[in-house]
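Welcome! Let's look at how the words used to describe a protein model follow from numbers and cut-offs.

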Amino acid sequence: MARVLTAAILAMVLSIGLGPKFIDFLRRREYGQHIREEGPQHHVTKQGTPTMGGLLTMLVVAAAFLAVSKYKATGLTVLFAALGCGAIGFMDDFVKLTHRRSLGLSGRWKMLLLALVTLGVALAARHQQLPTSVYVPGIGEIPLSYGFYALLFLVIAGAANGVNLTDGLDGLAAGTGMIALFTYTAIAVVAYIRTGSPGHRFDSRLELAIVGAAVVGALIGFLWFNAFPAEVFMGDTGSMMIGGAVAGMAIMTKTIFLLLLIGGIFALEALSVIIQVFTFRYMGRRVFLMTPVHHHFEMKAWSETKIMVRFWIITGILCAAGFALYYRYFTGFAR
């Protein structure tokens, strides 16, 4: 367990310690955020704020994990999912910055690259003989056979894009992502304690806790600079990295069903966009003032800090419910 705490503390210290120099580097290179014209008008003041801060988070997570892990396949798979999705986000940010616009990679390219990340995770899962089933409380295991690998794509693409949509206010994506990943880290620790190896032998579930703790620590450090008013934005690099980590933890802890709760705020953000597009296209009206839904509350004159804190609270409640369900129903399946 000391390795788990070490990973979190090391990632946090590195993130806070290297943050000022990295932000200065982004400023010197003029890697500033381009604000979309159709967004809330007061966001114009954020134009030019250094972005792509998620790149430092990715590097810190990798350094902290590799420094204390024993390179088990479980942890490496989650790290691959996080860094793979983060790399896609980096390419998206790079296109935006080099072309001086708020639009990056096309949706088709993103989906193709996310499919490649899914392929890597699927091969790793098959190598580790991960069951191709989903456990649902009250129903039991639902066998999916090869459909399980299609589900992996939905989980990874959905989580990455969900967190990406949530990243619209200072501290929102980092805070909600931190809470979700803290929950998955706790799940990995409980799985290790209740079903892990006897004595002090290192267990693959502990490796999951290490990678989860590394991301949590890095996000705590990032929040030091991203809290309102933000000195740096994570960009798609950071948000998609968080989504990849959340998806990877859900897959490797065999709790994909619980992602509906633990990643619930990301699902709600994505659902708001889907509802808005559907109702406007087929009914000629809008349900929300603006989407993703956090912008709806901005248009209703809620402050950024109020929205951020309330979304953190909602995430905390959903994650607590997810953890309670895990403790009650999933520990036997985790064997």
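A residue is called buried under 20% relative accessible area, exposed over 50%, and partly exposed in between (1.4 Å probe, protein chains only). The model is predicted, so local features need pLDDT of at least 70 and side-chain atom pairs count only at pLDDT 80 or more, while totals for chains, interfaces and linings use all residues. Residues are numbered from 1 along each chain as its sequence is written, and side-chain values use heavy atoms, with hydrogens and water left out.

Q: Why is Tyr71 called partly exposed?
A: Its relative accessible area is 48%.

Q: Where does Tyr71 lie, and what is its phi near?
A: Tyr71 lies in the loop between helix H2 (54–68) and H3. Here helices (H or I, at least four residues) and strands (E, at least two) are DSSP runs, numbered from the N terminus. Phi of Tyr71 is near 60°, a positive value in a residue that is not glycine. Most residues other than glycine have a negative phi, and most peptide bonds are trans.

Q: Why does Ser145 count as partly exposed?
A: Ser145 has 44% relative accessibility, which falls in the class between buried and exposed, so it counts as partly exposed. Ser145 sits in the loop between strand S2 (140–143) and helix H5 (147–166), and its phi is positive too, about 55°, although it is not a glycine.

Q: What makes Lys110 a buried residue?
A: Its relative accessible area is 12%, and buried means under 20%, so Lys110 qualifies. Lys110 lies in helix H4. Not counting residues up to four places away in sequence, Lys110 touches Ile88, Asp92, Leu105, Asn164 and Asp236, where contact means heavy atoms within 4.5 Å.

Q: Why are H3 and H4 called roughly antiparallel?
A: The axes of helix H3 (residues 73–99) and helix H4 (residues 107–127) cross at roughly 170° and come within 10 Å. Axes are lines fitted to C-alpha atoms, for helices over the stretch in contact, and angles run from 0 to 180 degrees between N-to-C directions. Angles under 35 degrees count as roughly parallel, over 145 as roughly antiparallel, 65 to 115 as roughly perpendicular and the rest as oblique. The angle is over 145, so H3 and H4 are roughly antiparallel.

Q: What makes H7 largely enclosed by the rest of the structure?
A: Of its 23 residues, 20 are buried, so H7 is largely enclosed. From first C-alpha to last, H7 reaches 33 Å, close to the 33 Å expected.

Q: Which residues touch the most other members of the largest nonpolar core?
A: They are Leu114, Ile156, Leu181, Tyr184, Ile242 and Ile251, in a core of 93 residues. Helix H7 (residues 204–226) gives the most to this core, with 14 residues. A nonpolar core is a set of buried Ala, Val, Leu, Ile, Met, Phe, Trp, Tyr and Cys residues joined through side-chain atoms within 4.5 Å.

Note on methods: The expected span of a helix is 1.5 Å times one less than its number of residues.
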